[in-house]
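Subject: Structure handover

Hello,

Here is the structure I said I would pass on.

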Amino acid sequence: MVNNPFFLPLIGGVLIGLSASILFACNGRIAGISGILGKMVRLQPNPRWRVLFMAGLLSGGAALFPLMPNQFTVDIGRSLLLFLVAGVFVGFGTQMANGCTSGHGVCGLSRLSIRSLAATLTFMGTAIVTVFLMNRFWEGNI
Amino acid sequence: MHALITYLCGALFAAGLVLSGMTLPAKVVGFLDIFGEWDPSLAFVMGGAVMVHLG
């Protein structure tokens, strides 16, 4: 069962769902990572829950890094510049759409929000087209 | 207590991302590459999360 390629993704998804559910029950807040991060980098005063959640997210990742370093392999043969450009696109898009994979894809879909369904279908569709075009027409040389 | 739970929610979220493979760009690209060598496993992340959060 552990060797099933779908097992760990499912367990990971369950943990993410649990985290979002507990955060909502405890604080009445949506676990939208782009929204949380977006508000934090604006340097305005942040409510305590936001700072605590982000601290948990970062330190959780840092604690897991030495335990399973293979899960942190970010090299996909693309340049740092391309990562930076992609990051700006993601930042811009998620702020414009008021959410990302977590806020719309997990929390929004769970609340049966049409707006979140539209956002999820849009970013999934765009990403699929982008991967298709990049894989065929853009070798990892920039 | 409240603060600790909120902090642990963040850590739990991180564990979910790491275990599921959402931290691996190669895996994410594989999931999105439906016209190539499609790796559908990440669909189970969103599926599992929505299932738990919905319930």
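This is a predicted model: local features need pLDDT of at least 70, side-chain atom pairs count only at pLDDT 80 or more; totals for chains, interfaces and linings use all residues.

Chain A

Chain A has six helices and zero strands. Along the sequence the pattern reads α-α-α-α-α-α. The C-alpha trace of chain A spans about 45 × 40 × 30 Å along its principal axes.

Where the chains meet

Chain A puts 57 residues into the contact, and chain B puts in 40. Interface size is often quoted as the accessible area lost when the parts come together. Here the area buried between chain B and chain A is about 4300 Å². Carbon and sulfur atoms give 79% of that area. On the side of chain B, Phe13(B), Leu19(B) and His53(B) lose the most area to chain A. Together these three account for 17% of what that side buries.

Which helices of chain B give two or more residues to the side that touches chain A? They are H1 (2-20), H2 (25-32) and H3 (43-54) of chain B. H1(B) gives the most, with 17 residues. By type, the residues on this side of chain B are 28 nonpolar, 11 polar and one charged.

What about polar links? Across the interface of chain B and chain A, 11 residue pairs are in polar contact, both partners being at pLDDT 80 or more. The salt bridge count between chain B and chain A is zero.

Look next at helix H6 of chain A, residues 114-137, and at H2(B). Their axes come within 8 Å and cross at roughly 100°.

The salt bridge

How many salt bridges does the structure hold over all chains? There is one. Side chains of opposite charge can pair when their charged atoms come close. In this model the partners are Lys27(B) and Asp39(B), with their closest N and O atoms 3.1 Å apart. Lys27(B) lies in H2 of chain B and Asp39(B) in the loop between H2 and H3 of chain B, so the pair ties together parts that are 12 residues apart in sequence.

Best wishes

Notes. Residues are numbered from 1 along each chain as its sequence is written. Chains are lettered from A and ligands numbered from 1 in the order in which they are written. Side-chain values use heavy atoms; hydrogens and water are left out. Contact means heavy atoms within 4.5 Å. Buried area is the accessible area (1.4 Å probe) that two parts lose on being put together, summed over both. A salt bridge is a side-chain nitrogen of Lys or Arg within 4 Å of a carboxyl oxygen of Asp or Glu. A polar contact is a pair of N or O atoms within 3.5 Å; within protein, one must be able to donate a hydrogen and the other to accept it, and residues adjacent in sequence count only if both atoms are side-chain atoms. Helices (H or I, at least four residues) and strands (E, at least two) are DSSP runs, numbered from the N terminus. Ala, Val, Leu, Ile, Met, Phe, Trp, Tyr, Cys and Pro count as nonpolar, Asp, Glu, Lys and Arg as charged, and the others, Gly among them, as polar. Axes are lines fitted to C-alpha atoms, for helices over the stretch in contact, and angles run from 0 to 180 degrees between N-to-C directions.
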